[in-house]
Amino acid sequence: MDLKVRELLKEVTLDYSPTLSKHVNDTVSAIKVAIDKIPDDLKVTADEAPGFVRDIGADKVEFKFKKPTSIEIGGSYAIQCIVKPDINVDLFIRLPKECFHEKDYLNYRYHAKRCLYLSIIKKYLKFSSVKVEWSTLQNEARKPVLLVYPATELVGLPGFFVRIIPTTNSLFTIKKLNLKRSNIRALTHGGIPQATPKYNSSILEDMFLEDTSELIKRTFLGWKELGEASILLKVWARQRSSIYVHDCLNGFLISVILSYLASQNKIANSMRTMQIFRVTLNFIATAKIWNNGLYFRREGQKGIPQEERVSYKEAFPIVICDPSAPFNMSFRISRIGFVQLQDEAALTLKCIEKCRDGGFEEIFMTKVDFAAKYDYCIRLDLKGKSEVHASGFCLDDECWRLYEQKVHSLLNQGLNNRAKLIRVTWRNTLSDCSIENGFSILDREPLLVGVSVSSMENAFRVADIGPNAENKEEALKFRKFWGEKAELRRFKDGTIAESTVWESEHWNRHLILKRIAEYVLLRHLSLSKENIVHIVDQLDFSLLHGVRDPISFSGSLLEALEVLSKHLRLIQDIPLKVSSVQPLDPAFRFTSVFPPEPHPLAIVKGDVPRLQKLMPSCIQPLEVMIQLEGSGNWPMDDIAIEKTKTAFLLKIGESLQNSCGMTCTATEDDVDVFMSGYVFRLKIWHERGLSLLKREDGSDQFKWVSSIDKELFVRSQHSSMINGLQGRYPLYGPVVRIAKRWVASHLFSSCLVEEAVELLVAHLFLQPLPFNAPCSRITGFLRFLRLLSEYDWTFSALVVDINEDLSPKDEKEISNNFMLTRKGYEENKQNGSAAMFLATAYDKASEAWTRFSPNVSELKRLVAYARSSANLLNKLILQDQIDSYKWECLLRTPLNNYDAVILLHRDKLPYPQRLLFPSELNQGKHVAQGNASKVFQPFMSPGDFKGSLEELKNKLLVNFDPLRFFVGDLEKEFSNMFKVWYDSLGGDAIGITWDRFSSKKRGREEGEDPVDVLKSVGQFGKGFVRSVYSLKSPRLMN
């Protein structure tokens, strides 16, 4: 890890070269020249920033302009701890006392004059060649700052600016800004003036900003490791948008905390950079002293009295104080912001302890942003909502901060123990805003709410039990809060209590949190439904079959499997009894995108059912593996073993038919059993048929020996492990289903098999650091996309240890197998195999699911699509997008990314309802068109309902999928000419990308025309293919 940290520090540390120094000095000089041009005694009135003065509620703001007392560079540049790519220099401009009166600490006069002073500087800077913008200090609208961009941009310093921050020195008597003083006359409660600790701290901050900067500078001077630790902490914090924010951490506070630890000898000069980093995180996460406050102690200095310390703790949740600068440097940190900070620090310490390479990737390279961190995100659009500032924009605190607290309090009470943590942040400053015009435009950005779920059991709970009916006072409060949702109920234990009930079908319970939050916000805030956007169910449409989620039928499916298992074990008239029954299909482990619905015809016996509207003519078989009792009489030959298994299956089918009345159909390879609305396809696994890997003679390569029993064994191991994982993480199934839908909708069905997707998602739950395991569909899906797009597939194996049973020896074997595949890849860059290495306890050589695909070019395409989708999803979560079409774009694949496109007849797909978006193309060359076949219809017609139930069952098409057969034919016939991309879950478009076209291609006649090839493709799919379009010609290869 040390090597990686060194490389990271090289990458993010600014080169303080003479060229940079000159650039900074030139910019500062330009600012000084502009300020020098401002005439002394220039009369400054509220007209310079009328909106600001009006909204802040200040009076008596006129003054005569005087030059700054001093102009000094401070901040990270002064201690050489700037972190790229955000390169800026803080310039402290000390405001002269002559511009202020002794009582300007009252009623926002100081803040108004501070802004007016900057307005004059901005006006004169505009006459020079620099660009000037408004910003704020830590998102505090009442404390604007100026951003000055130099006229010429230095190469390697994009976006560089100087931030002008006003300071003062001994401007007001400190006692007048005591925490218990009331300095805003309008702030009263029942006629009694209220203390203004935050307002007072806001002024004190400017008075002691230079002193605290000097304190930090003295600590950091000549201590290289401390500076590097500061840089690493900034990199760490910037990756975590929930803590690098106005009410939590910033670069200044990181430096203050490090200075405190140094002053208390918690860190020493002998420590290495990463040791300081770790000690600091451990201190943030676990130190009990936070409860009392951090107070610097210095020799020869009088400490802060105990009475004053009590006042600080009463006013602020977190206190950091230095006797030389008697104000709380952390006055902006909120209680919940600090809880979040401690949580992130604790998770990071876990990464160091548990993750590979000391957690370098997880700590410094992984983006822990709002969208990926929280299980549920809510956006409140508050544009033009006067309720936010009804009591005024700025009292002791700003109205936006008070609204954050109000929303947090409501949701905290409403969600109760369903939520582990609720984070509310509202960014109010915009780069293009004009502070002079006031605060009314600072509500453009949405207010963001992030909710981390405590547990799935709590989150999906249907009822909340309130206070006992006998507790009149609490019951009244409960009813006042919940209104019509509150009801008195008698529970099973005889208790009569207030409660709220959120009735919901099981497959819809992930929406309970949304319903609670929406109800509470609508009841207690002046909002309409249009103002509230919950990010929770926007992708549910992709899993629906009609109007409901087919996962709702899983209960009946598992019951049917249980009945079948009992019948199989009770069979007596076969030589070897059935010893075990194991389901293999993804539907049994809740990871099938479309688990089958019970079909009215797939029943044991009964009357012919009435024709339902849209009764499917196709039915999916569900594979079930059975194992027989052990015996030494099995043949040794592979073919003979398979024939013996077929004989057993036929006898089992015959027995089920005779004893239980079940309909069974047989083929050479398996037996299908019709019962309870499903078709179960039986497979026998025999241990002796399990072939092992064999090393080819004289070769380092392993040879994969194909075996039905080996495949069954691997599938059973996989199914068993995934089933166990689903039991531990109920949300695993829905995330996998959305991930599979995304893979298929972008035509990657031939590249990434279902089991590989299940393992990728399993990794997110088993090794979630630096996050907690996902507890919502969209968060889990976003992390899946980022895993696909950001993982280092070329140089790293992805090990999925589901049962935590991999020993060091197993891990070494996996590592050796991985290195062996990469050695082959290096020797032959065109080698398409093993681009993605997925290792498990049952497959240490990654041969089961990714041995042949995705190859290098397929993986490159997959990564690009995942990156694009992740970026879009991130925008949809955080920005003001409520258009359903934008969400659909996550699953709409651009057909112009293919060289040719085949469009299919939608009414010839076996399950037309699964089609997400009908495909149309209005570009390229239309080379073929075909009519739909009349032989197959996806739904039964009244004419089909003639005859007995058994005759109707024979009309059911089991495992019929024309798309699969068509793609198989294309890959067999044209494998040397193009690559086929398709959607196995119901898409009506097939993409084609040409291989390098050559007249000397194997088996092809010289001069074959690509258009003729595409016409041949149309002929292959006659009756199924609607149109074929050529978009790009193939590249020729000699």
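Which strand is E498 found in? Keep that in mind while we take a quick look around. One thing to know before you click: this is a predicted model.

**Stop 1: the whole protein.** Select everything and zoom out. Along its principal axes, the C-alpha trace spans about 105 × 85 × 55 Å. Switch to a cartoon view and you'll be looking at 29 helices and 34 strands. Of the 1038 residues, 56% are buried. Take the contacts with a separation of 6 or more: 73% of them involve residues 24 or more positions apart.

**Stop 2: strand β17.** Hide the surface and select residues 496-501. This is strand β17, and here is our residue, E498.

**Stop 3: E498 itself.** Is it buried or exposed? E498 counts as buried, because its relative accessibility is 5% and the cut-off for buried is under 20%.

**Stop 4: a partner for E498.** The side chains of E498 and R479 are joined by a polar contact of 2.9 Å.

**Stop 5: the surroundings.** Leaving aside neighbours within four places in sequence, which residues is E498 in contact with? Select D464, I465, G466 and P467, then A475, F478 and R479, and finally A486, E487 and L488 to show these contacts of E498. R479 turns up in this list, and R479 is also the polar partner from the previous stop.

Technical notes. Residues numbered from 1 in each chain as written. Predicted model: local features only at pLDDT ≥ 70, side-chain atom pairs only at ≥ 80, totals over all residues. Heavy atoms only, no water. Helix = DSSP H or I, 4+ residues; strand = E, 2+ residues; numbered from the N terminus. Buried < 20%, exposed > 50% of the residue type's maximum accessible area, 1.4 Å probe, protein only. Contact = heavy atoms within 4.5 Å. Polar contact = N/O pair within 3.5 Å; in protein donor to acceptor, adjacent residues only side chain to side chain.
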